[in-house]
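Visitor: Please show me the model. I would like to know what stands behind each label.

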Amino acid sequence: MNHFNLPKIDLHCHLDGSVRPRTIIELAHQQEVSLPSDNVDDIRALMVAPPTCPNLDEYLKRFELPLSVMQTEAAIKRISFELFEDAALENVKYLEVRFGPLLHLQQGLTLDQVIGSAVAGMKEAEQQYDIRGNYILSILRTMPKDRIDEVIDAGARYLNQGVVAFDLAGSELPGFSQEFIAYADYARQLGYRVTIHAGEQGSGQNVFDAVSLLGAERIGHGIHIKGHPQAYQLVKAQSVALETCPSSNIQTKAVDDLASHPVKAFHKDGVLITINTDNRTVSDTTMTDEVRKVMEEFNLSEDEYFEIYRVSVDNAFASDEVKAHLLKYLP
Ligand SMILES: O=c1[nH]cnc2c1ncn2[C@H]1C[C@H](O)[C@@H](CO)O1
Ligand SMILES: [Zn+2]
């Protein structure tokens with residue numbers, strides 16, 4: 001099986017967790033940001049979360065370095081372009097990238113500049129490569145809530161022209177959904193689709209709440225619906241697709257190891273699952289690696305791979321035209 005050649009779809013990939021280490025060094029020089037080292041291997045070592053991360057919060061510390069150089073329009077555009085380029089070069093045909101616009105305001109950019117630069121980088125890559133994409137705007141659950149509506153309003157200018165969805169990311173506390181009902185409602189009213197990180201660090205109840213209170217159509221990770229019958233049934237009944245990210249799930253201790261990842265059991269039982277990277281640099285991975293790991297660990301046939309590919313197409317926040325294009329890659 002040549003996993004590199006397979007057409008692939010990544011629905012869960014963070015911009016700031018997928019920056020090339022060499023780009024960090026070049027941008028730091030240009031921006032006169034001081035780095036602990038100019039050696040690409042040293043920088044990579046600082047960016048990649050160790051397999052021994054005690055938890056998600058430890059993993060999230062790896063984003064500070066990339067974010068320090070992602071505060072100008074040119075840097076955001078370049079990093080967006082390079083992410084789509086890297087994905088296209090390993091046969092990813094469709095990529096949904098997410099990031100937190102509020103994390104990019106440290107040097108005076110407006111939200112429109114931040115979102116516009118990310119979209120511009122993606123569009124440039126779409127012109128050059130056989131890849132299509134969209135952006136998802138993430139709100140960090142631990143940040144003050146006073147500017148969330150501004151993010152939603154700023155992104156609305158790009159809706160269905162590069163921006164498609166609203167997400168909640170960052171540390172996951174029990175019952176977080178209650179605090180975000182009004183924001184998710186507002187985003188849905190304006191036409192955003194909704195996906196929420198839940199059941200990664202937290203319990204299956206968080207998945208239940210994200211679907212029932214926030215209207216999540218997809219769930220980032222969702223591992224912990226295992227062992228929570230109500231959440232499991234709701235996800236199945238409402239055909240909510242799970243964006244699983246196997247390597248990241250091991251690093252953050254959402255699962256002990258790949259063998260105990262529920263991805264195959266979910267798939268066999270009719271839970272909609274997709275395979276994604278989460279963070280290409282922080283999790284030191286690619287779509288080729290994620291697909292290979294899952295297929296080898298669980299002995300998936302090519303037919304089973306394409307069943308999962310089809311779930312990704314069906315649940316992508318893409319236009320009908322893009323979905324029709326993606327279906328052409330099925331054997
Ligand atoms: O796997 C994750 N779970 C929760 N939050 C995450 C994960 N990966 C990245 N993030 C956070 C850190 C980033 O700064 C933010 C926006 O991309 O999203
Ligand atoms: Zn994520």
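**Labels and their grounds**

Guide: Asn134 counts as buried, with 25 C-beta neighbours inside 10 Å.

Visitor: Why is Asn134 called buried?

Guide: A residue is buried if 20 or more other C-beta atoms, placed from the backbone, lie within 10 Å of its own, exposed if 12 or fewer, and partly exposed in between. Asn134 has 25, so the label buried applies. This is a predicted model, where local features need pLDDT of at least 70, side-chain atom pairs count only at pLDDT 80 or more, and totals for chains, interfaces and linings use all residues. Residues are numbered from 1 along each chain as its sequence is written, while chains are lettered from A and ligands numbered from 1 in the order in which they are written.

Visitor: Which residues is Asn134 in contact with, leaving aside neighbours within four places in sequence?

Guide: Glu96, Gly162, Val163, Val164, Phe317 and Ala318. Contact means C-beta atoms, placed from the backbone, within 7 Å. The C-alpha atoms of Asn134 and Val163 are separated by 5.6 Å, though the two residues are 29 apart along the chain.

Visitor: What makes His14, Asp16 and Gly170 a group?

Guide: UniProt lists them for "binding site" in an unreviewed entry. They span 157 residues in sequence, yet no two of their C-alpha atoms are more than 12.6 Å apart, so they gather at one spot.

Visitor: Is Gly170 buried or exposed?

Guide: Gly170 has 20 other C-beta atoms within 10 Å, so Gly170 is buried. Gly170 sits in the loop between strand 4 (163-169) and helix 8 (181-190). Helices (H or I, at least four residues) and strands (E, at least two) are DSSP runs, numbered from the N terminus.

Visitor: And Asp16: buried or exposed?

Guide: Asp16 has 25 other C-beta atoms within 10 Å, so Asp16 is buried. Beyond four places in sequence, Asp16 touches Phe63, Pro66, Leu67, Met70, Phe99 and Leu103.

Visitor: Where is Glu200?

Guide: Glu200 lies in the loop between strand 5 (193-198) and helix 9 (204-214). UniProt lists Glu200 for "active site" in an unreviewed entry. Glu200 is buried because 25 other C-beta atoms lie within 10 Å.

Visitor: How many residues surround ligand 1?

Guide: 18 residues surround ligand 1, the closest being His14, Phe63, Phe99, Gly100 and Ala169. A residue is near a molecule if its C-beta atom, placed from the backbone, lies within 6 Å of it. Helix 3 (56-60) and strand 2 (92-99) each supply at least two residues of this shell.

Definitions and conventions:
UniProt positions are given in the numbering used here, feature names are shortened, and annotations may be inferred rather than shown by experiment. Two residues are in contact if their C-beta atoms, placed from the backbone, lie within 7 Å.
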